[in-house]
Amino acid sequence: MDSLFTPSSIAVVGASAVSGKIGNTILTNLQSAGFKGELCPVNSRGGTICGLKVYKSISEIDHPVDLAVIAVPREAVLSAVNDLIKIGVRSVAVLSAGFREVGREGWILEKQISELAEKNSIYLLGPNCLGFINTSANVNASIASGTLLTGTTAFFSQSGSLCVAVLDWALEHEIGFSKFVSLGNKPVLNESSMIEYLGNDPETKVILGYVENITDGRRFMEQAVKVSMKKPIIMMKSGTTAAGARAASSHTGAISGSDQACDAAFHQAGIIRVDRLEELFKLANAFSCQELPLGPNLGIITNSGGPGILAADACGESSLRMPSFSLATIAELQPMLPGYASIYNPVDLLREADAGHYCKAIKLIGLDPAINSVLVIVSPSDNMNLTEVAETIAICSSEISKPVFCCLMGRKNSEEARSIFSKAGVPVYDFPKQAVRAMDSMYKYAIWKGRALRTFETPDRDYDAAREIVDSALRSGRSELVEFQARDIVTAYGLPSPDSDLARCGDEAVALAKRLGFPVVLKIASPDISYKSDVNGVWLNLNTEDEVRNAFWQITAEAQRLKPDAYIAGCLVQQMASKDAREIIIGFQRDEQFGPLLMFGLGGVYVEVLKDISYRLTPLSVEDAAEMVREIRSYMLLKGVRGGEPADFDAITDVLIRMSCLADDFPEIYEAEFNPVLVSSDEALVADAHMTIVKLPSDSKESGLSVDDDLSKEA
């Protein structure tokens, strides 16, 4: 994409001599930015604009151009792109609006333009965008006013109006950027393209992004995994609800949505997600001017007890720790403070603290081998020379080789101090929690960069047997596979389950119970009943022949009464699990952007109420599976409490890996759920299964729904 960001020649199609017109603004901005290459304005009237010769048509340009910026009415864009291809254009930025965002007609036109660009290997930015800025190459091919400062942070945004707001904010706060890109409708160049390019851009140290949707979830994750190992990617995504999603027929579908998939994608790709613009740029500043911490241990210096406690509370909610200072550090702190001052972590310098106190404390704590990063809190007082304190903190921070952050309480008369911190590369925050959150993000990113390669396993399974079951269901027009049908797929994928069989009458149920061994469970078997609890269709702990026979007739009669149109196949007779077994749920639902989203949590009927769930996208690594189990708040119940035996975590991991494989093997399975999976100290048994299947379009492509080899390798 160098032809886009560092062009040697630019054609402005729709150039105008009228101030305020987009074609005039683009040309003026390019000249004002100091672009050194050739500018080729195109306008049917000819003449000159901004002192430049104007071409009456694109065909008059007798040489190739690296970049064309198009600012003509929607109806003229397709013809302009065709003409540009004839003269050998390499990149095109379409600022014109009125495409996909306005309806079907615009969508068709946009599709024609994007297909034309892809066919001719042209990098297409937009349409419906504001353009872009590359400060290092003196290129401002946008309609943004003002001169953007050069920096090491790149920013891309799907929203044009947000670009305008951020530009105004950046100019006011003197924030610099390496690249600033408005993506627009992104039919060709999208967030994945930007991450890939900026990951290799030597002028970019931190990548920021705002998106409303992800165009290609698998490619996005593939690129983000590669780039996030080299430089931080910090993103904000709007649209955090599952509104408009398909109706779900399982617990998994009911509690899984697009935002959970986005969270999982960002987590697995090493992207730092924020929910506020201010945090986006505060984090960018921290990453661009401070080294990553080498550990979680935070030392806090304050001159006021309250903010110090707030910082300690925020630390307790994060992955950071507040260890005790070494005895040598404490010994040196004692003589400089009154006896009633706190010399432990956090150290309280009291309201009387001056620049000298801060200087000595920063050096002592910054050099303490138990401390990995330092937070300095300043609460201005009437007697404090705030400018002198800020200068001292800035100097002392540069003399230690650990990250130093500052929290400057209050805004009144603090602008000079904040400017001192900014120029010295010391991130400054208004409140302790903001600072701690930023430091926590940097520590987590350091862990991400240093993590071991992910391990991916492909379990043995009978794919052909499972394929026949799915195809048979589709041929018969069924959209659901309930337990007595889905259990054959469970078996094909090597998943253990309690011994069970289908009984079509009471006598068969008794015979099966005697063969399996008492006690047993009876469950209604009907392809038309998804939730057995709706018809009181599960009877547990049946210990005698009479109990089994009675249960069979009671279950089938009640199901027939409550669901008169349902086909009742009989009852599934199943061996009872051991008494110490705990119920978990494992399932997946397909996300339109990212593919299968796996979920894990405590099972049974309470899963929707408690919503104690962890999520990951496929393909699932062994490490991801283990993390899923340990992330839920109820993990200790599985680990064992009050002398209880721990669950078989290897068995749980195996079920998760096999579910992930099933999801990637069969794009026809829209959602699936194992609930409950009965986990004891030595096994995990799939006691119930439910799957929803859909017929795929004949021309559907399964890439993005199957295991991505590149993603697996890079992860």
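Which residues of helix α2 (residues 22–32) are buried? They are G23, N24, I26, L27, N29 and L30, where buried means under 20% relative accessible area with a 1.4 Å probe, counting protein chains only. Helices here are DSSP runs of H or I with at least four residues, strands are E runs of at least two, and both are numbered from the N terminus. The cover over the buried residues of α2 includes β1 (9–13), β2 (38–42) and β9 (139–142); contact means heavy atoms within 4.5 Å. After α2 comes G34, with a positive phi near 85°.

A word on what you are looking at. This is a predicted model, in which local features need pLDDT of at least 70 and side-chain atom pairs count only at pLDDT 80 or more, while totals for chains, interfaces and linings use all residues. Residues are numbered from 1 along each chain as its sequence is written, and side-chain values use heavy atoms, with hydrogens and water left out.

Now step back to the whole protein chain. Its secondary structure comes to 25 helices and 30 strands, and its C-alpha trace spans about 95 × 85 × 40 Å along the principal axes. Of the 715 residues, 56% are buried. Among contacts with a separation of 6 or more, 72% are between residues 24 or more positions apart.

Next, look inside. In soluble globular proteins, nonpolar side chains tend to be buried together. A nonpolar core is a set of buried Ala, Val, Leu, Ile, Met, Phe, Trp, Tyr and Cys residues joined through side-chain atoms within 4.5 Å. The largest one has 57 residues, and those touching the most other members are I10, F132, F156, M194, F220, M235 and F594. Helix α9 (residues 258–269) gives the most to this core, with six residues. Apart from it lies another core of 46 residues, among them A486 and I632.

Finally, turn to the aromatic rings. The whole structure holds 16 aromatic pairs. Rings of Phe, Tyr and Trp (its six-membered ring) pair if their centres lie within 6.5 Å; planes under 30 degrees apart count as stacked, over 60 as edge-to-face and the rest as tilted. F155 and F177 are tilted because their centres are 6.4 Å apart and their planes at 50°. F155 lies in strand β10 (residues 149–157) and F177 in strand β11 (residues 176–182), so the pair ties together parts 22 residues apart in sequence. Both F155 and F177 are buried. F155 also forms a tilted pair with F180, at 5.2 Å centre to centre and 45° between the planes. One aromatic cluster is formed by F155, W169, F177, F180 and F281.

How values were computed
Buried < 20%, exposed > 50% of the residue type's maximum accessible area, 1.4 Å probe, protein only.
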